[in-house]
Amino acid sequence: MNVHFKRGFVAMLLWNLFLLLLVGINSLCTGKGLSFHLFGDEIGNTAYFFLALWSLVWFFVGHHGSREYTAQKAVFAAQYPDVDEHLLTLAFRKAYFARYFKYIYRVLAVMIFFYGAAYWEHFTTRTGVYITCFMLVSLVCYHYHRKWQVEEMN
């Protein structure tokens, strides 16, 4: 197995564990058992098909992301041939993820505005908790984007 296949499999596995965590939380909140949510009347063969299809999508997202990461790392290494491999890997990792943190905080900032506008008249405590969580995630992403942003390596 090559590294891209392994990373695709890890992405698929993490997605399915996240879904299992959400189902477990839902079963705790509703008081129904975990088996009811996984094998009960509310889920059918179509839902299993879409679960398998979405898992396959996450496999290819991880596989493609791994290939993109490797290609961009090679380009980054070619730009700075005199830098030590360990320092180059750390600097590239920070620059690579800082870019994605920037995308995430911008999307969340716009989403928070529209989410608040959509529920303005029916604003509840739950809506406030969601908006607060989105704001915290957005602020953490902004912090790491600014902290890890690499303008130029000297």
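The chain has five helices and zero strands (DSSP runs numbered from the N terminus, H or I of at least four residues for helices, E of at least two for strands). This is a predicted model, in which local features need pLDDT of at least 70 and side-chain atom pairs count only at pLDDT 80 or more, while totals for chains, interfaces and linings use all residues. Residues are numbered from 1 along each chain as its sequence is written, and side-chain values use heavy atoms, with hydrogens and water left out.

**Fold and burial**
- From the N terminus, the elements run α-α-α-α-α.
- Of the 154 residues, 21% are buried (under 20% relative accessible area; exposed is over 50%, partly exposed in between; 1.4 Å probe, protein chains only).
- Among contacts (heavy atoms within 4.5 Å) with a separation of 6 or more, 65% join residues 24 or more positions apart.

**Surface**
- The accessible surface of the chain is about 11600 Å², and carbon and sulfur atoms hold 68% of that area (Shrake-Rupley method, 1.4 Å probe).
- A nonpolar surface patch consists of Met1, Phe5, Phe9, Val10, Leu13, Leu14, Leu17 and Leu20, with about 800 Å² of accessible area together (residues with over 30% relative accessible area and no salt bridge, nonpolar side chains joined within 5 Å; a salt bridge is a Lys or Arg side-chain nitrogen within 4 Å of an Asp or Glu carboxyl oxygen).
- Phe5 lies in helix 1 (residues 3-30) and is partly exposed, with a relative accessible area of 35%.

Methods: Patches are made of residues with over 30% relative accessible area and no salt bridge: like charges are joined within 9 Å, nonpolar side chains (Val, Leu, Ile, Met, Phe, Trp, Tyr) within 5 Å.
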